[in-house]
Amino acid sequence: MSSHTVIKQVTKSTFTPSLLRELKSHIDACDFISLSSIKTFSATSASSWRRRLLPFDTAETAYLKAKLAAESFQILNVSICPFRVEGSKVVAFPSTLIQNQLKCYNFHLFPREEQSYSFSCQASYLESLARKGFDFNLCIYEGISYLSRVQESLAKRRNATHLDFKVFSKSRKSVADSLFMERIKARIQYWRKSCLNSNKSPHGDLANSLRQLILGTQLHGERPCMTIDVCSDNQLNLILETVNGISDSLVPLVVRNSLGTPTSVRVVFTSSEEDKSALLSDIDHAEEEQSFNLRGFREVMDLISNSQKPIVSINCLNDFAFFHEKFIAPLPPSLHEFTCSLKMVFPKILDLGHLMKEIGPLKNAMDTSSSLNLEVPFQADRDGGQSNQGRNALKIISLFVKINYLHICNNIEGYFNMFHPTACMELESVGCQDDTNTYLTHQEDIAKLGVHNLVFLWGFNAASSLQLKDKLRKYHPIFHENFDLKVIDRNCAAIAFQRQGAVVELLKEIKPRSSSIENMISDGVIIAGFGAYEKVCRMGLWDGRLADSLQTVVLSDNTNSPLLAEKSTEICWDNEVMLDQNEYLKV
Amino acid sequence: MAARRGLLLRRPLCSMATSTSRKGKVEVKQVRRGDSYHDSLTSLIQSASFVALDAEMTGVASTPWRDSFEWDSADVRFLKLLHSASRFALLQFGLCPFIPQRDASSGVVSFVAHPHTFHLSPSSSSEGDYDDDDEFLCQTSSLHFLATHRHDFNTSLRHGLPYLSRVREKAVAAPPALRTESCAVGFRHLIDLLSSHNKLIVGHNCILDIAHMFDKFIAPIPSTMEQFMKEVHQIFPNIIDTKHIMNANQTVQLLMRNKSKSLSSAFSSLCPTISSAGYHRLVRASDVNVKVQAHDDEGSSLFNSGAKHEAGYDAFMTGCVFTQLCVHLGITFDQCLSDPSISDPLQSNVKLKPYLNHLYPTWNSGTVLDFTTGTEKPEGTYKQKYPKVELKNIVLIWGFSSVLKYKNLKGCIAKVFGPDSVISVFFIDATAALIQFRKEEFVKDFLALKESLERRKDDPISILHPLSVIFEGGNTKAGDYNTYKDVIACNQSKVLFKDQADASGVAC
């Protein structure tokens, strides 16, 4: 089956308009596009609380973490695979090509200095990529650069093109203006006359070159031209007006310095109407090529966006936060604004993480289907290394087909643009084994709780979570109830109560310092509701330990409220996730 | 062999110890994870007169405003150095022991250099305890630059030695037997060895390399320059910065006038016979013979032909430059061999002493960093490029309209404070500028005026006020030089200074 899939590695040298045309034809013929990326960090392998998605993160806090990451880290690879599904079969495009060949494009990216002055890397993650054969040299030496939509419009304002200057005809000109125009007009006319006559000159090359020297004639390609320096926008305006008034055969080109300020006008002499349109189309062409190189990989994102085809992916919140930041515009401050902005560019995103959360664990279904041979394009390649880069887009298709087969989703539209915040696991980005089944069966350990079931606790002194649980039972009878406890970073813990209302009861006793928790307070243990964590994320108190940031919020809060969550939001409390392996044993 | 030796005598500086190496190429030993180097290098370091070093990092400045500026005070320069050394990672570390030997036929002392390039992996070996240690910064232009010099990033990440500082080593809870096995600790032992033998360490413009070495192999950099210099001096009591000698010594100044003092140009102008060994050149009597030892007893090692910006090769060039500078300072190397009881023949030399532990600061501020006393002091011999800056007379403004240019900024201030009130204006970037006034009281007046104009935002007097050009838009903020320092001290790395200043929450 491996002959049916091709992964094309695309670098600076192979990224051409013709490749883009090929990709466009594949996208036009497909139903879905699978999309996956490799960044200089992975939220699942990070250890610090501000990088990692924690089991109590809501969509909102997860977005704020994704925003922080997208602003700090870099994208190295984006792999894209257009496909179509018929039953359990993945069909590829265009069908007239080699029978059912699936083509995946893996783009290697690296920014220019202007796009990203510096960026962060997660060392342990880069090392694990390197061990699996990820080629960093290919990225840095040969990576395609890019420009976000916002950066492009800013750059356009700075580097307006040759022909891009509007002439304002001032109704009233000063005497100086008129004198300036007369002088320029005389100069251009004299030069133009010489251009018209040069072909008929009886004196040969020597005289021609002498004339060129005296008149300041230069060549623009093969056409004669002359350069007039400008000192102001007013002068530029007057020169352009003058040139347009002399003859249609003259084409004025505005020359700008690196800051985008016009420095001179190059007047190009064309010999005929055809010659003029040839010149204009040459200029258009050159400018098109320049902006193609400038936009770089953004062209691919625009292609996908314009196609309006549904995009299938995993970990969408993180990936699309990066795409938004790097290819569209700086990320807005809230999840709501982000999803609105994203929807305008990518109207149909299907997050497999969300889809699986909605349809529940598929373990039983997987057991019965293990004998089934699903025709998915995934095939392990033994040679590893570079040729395997970009395989994740194929794994996503594989996962999508399995879900589709096991659980026929008639109404896929209903799942669009919904993101599942907790990426409890990630497909292995470079490896070649099919780990999609583990992904499918993982979901069952997740308990659905609300943020109102949670409190944060810090300032304690305990050697293990078991010991901490014991201590808590002595502090207050409510801790005899059923609760789960996770230690986040050494001296901070999140507690999830099974019973609704337990949190409110507990927090009620905190502020008036009820005698029942006197021991706890005198030991220096502090408790706050989920609202404190929301505030930490919103205020961007990412530096240092979580306990310190929570403490800052509690101290700065003068409303005397127990810092409950603002609204009830569901979270996915994964019983299996261990947050701090060094310090604590799982209870 | 006899014919070969004859050749060597005529062109002694291109001499290569093995016949496999090509002319003009310097074989640099490549050390990667799992390679044995410890025992051989230990004995080389022990018998060396000095060890040259160089580091290649993932970047220098995380934002344009974190580059060194002429208006940076010593404090600000230290904050920038601290940020750079603690946030960026090392990719390579070059060590090159120079071992003295007496030429059998001529009786002259020459050196055998043993360049080593250590490939380092940015990942720290500790887990969990130091969360943020798992992250490092890359400067995009630095990676592009290394790529043009064909740096192999895959080697660093796949086969690089992890590094572990003394402090972290203590923090990692592992049985002692296991600790010594770790190659991270192994490499750090070499640094300890340099330290325990009080070896003379030679670098070129090496303050940043020393700072990285301290941060990566010893401990987090302390919070003041004085403390940093003191702690470095305790560990490395003998450091030579060849860039300082080049700038401070009159003879060398004269010799190198109008020439760039970058390492590679210093190498080609001071050591022409080594740097262009492939060509026929007359050997000057003053040239010091440096041979490169490429074979080694362990046999299986990997050697590369050294290239510019490979750490081992840069360390080699630095050492060669140093030997030649010694000649110009009138230092002979006879004592390096004559009396084996003198363990520090070079560092105790009176002619070298004035330069010992004097490091060139990141920017030519007319000062030198004296690590022996832990002070920054004026260096009279440095050619002053820039007039002295009065920090007290400086105002920082940021967030102004993007059309505000030098001319109108200076002009509108002149209208209020007088035609000569502004000495100069320095644009940090498009969003922020430092204004140096002639008098200190103008700073206070300017800030007070800004406040009163803001209070009376909409009345005609403030709209017509000349300074309103600066405060147009209502987002312009201002502070004194301490505000500038506070913004630099803030941990964040926003690209634009304006955003950094706003994020740092300084009072304005």
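Modeller: Two strands pair if DSSP finds at least two bridges between them. Strands (E, at least two residues) and helices (H or I, at least four) are DSSP runs, numbered from the N terminus. This is a predicted model: local features need pLDDT of at least 70, side-chain atom pairs count only at pLDDT 80 or more, and totals for chains, interfaces and linings use all residues. Residues are numbered from 1 along each chain as its sequence is written, chains are lettered from A and ligands numbered from 1 in the order in which they are written, and side-chain values use heavy atoms, with hydrogens and water left out.

Biologist: How do you know that strand β6 of chain A and β6(B) pair?

Modeller: Count the bridges. Strand β6 (residues 118-122) of chain A and β6(B) share 5 bridges, in the antiparallel sense. The rule asks for at least two, so they pair. In one of these bridges, C121(A) has F136(B) as its partner in β6(B).

Biologist: What makes up the contact between the chains?

Modeller: Contact means heavy atoms within 4.5 Å. Chain B gives 33 residues and chain A gives 33 residues. In chain B, E135(B), T140(B) and L157(B) lose the most area to chain A, together 20% of what that side buries. The buried area between the chains is about 2900 Å²; that is the accessible area (1.4 Å probe) lost on putting two parts together, summed over both.

Biologist: Why is the meeting of R50(A) and E135(B) called a salt bridge?

Modeller: The term needs a side-chain nitrogen of Lys or Arg within 4 Å of a carboxyl oxygen of Asp or Glu. R50(A) and E135(B) meet at 3.9 Å, N to O, so the pair qualifies. Between chain B and chain A the count is 3 salt bridges.

Biologist: What makes D319(A) and K39(A) a salt bridge?

Modeller: Their closest N and O atoms are 2.4 Å apart. D319(A) lies in helix α11 (residues 316-328) of chain A and K39(A) in strand β2 (residues 32-39) of chain A, so the pair ties together parts 280 residues apart in sequence.

Biologist: Why is D319(A) called buried?

Modeller: Buried means under 20% relative accessible area, exposed over 50%, and partly exposed in between (1.4 Å probe, protein chains only). D319(A) has 4%, so it counts as buried. K39(A) has 8%, so K39(A) is buried too.

Biologist: Is E114(A) buried or exposed, and how do you know?

Modeller: E114(A) is at 59% relative accessibility, so it counts as exposed. E114(A) also forms a salt bridge with R112(A), at 3.6 Å between the closest N and O atoms.

Biologist: Where is H204(B), and is H204(B) buried or exposed?

Modeller: H204(B) sits in the loop between β8 (201-203) and α9 (207-218) of chain B. Its relative accessible area is 12%, so H204(B) is buried.
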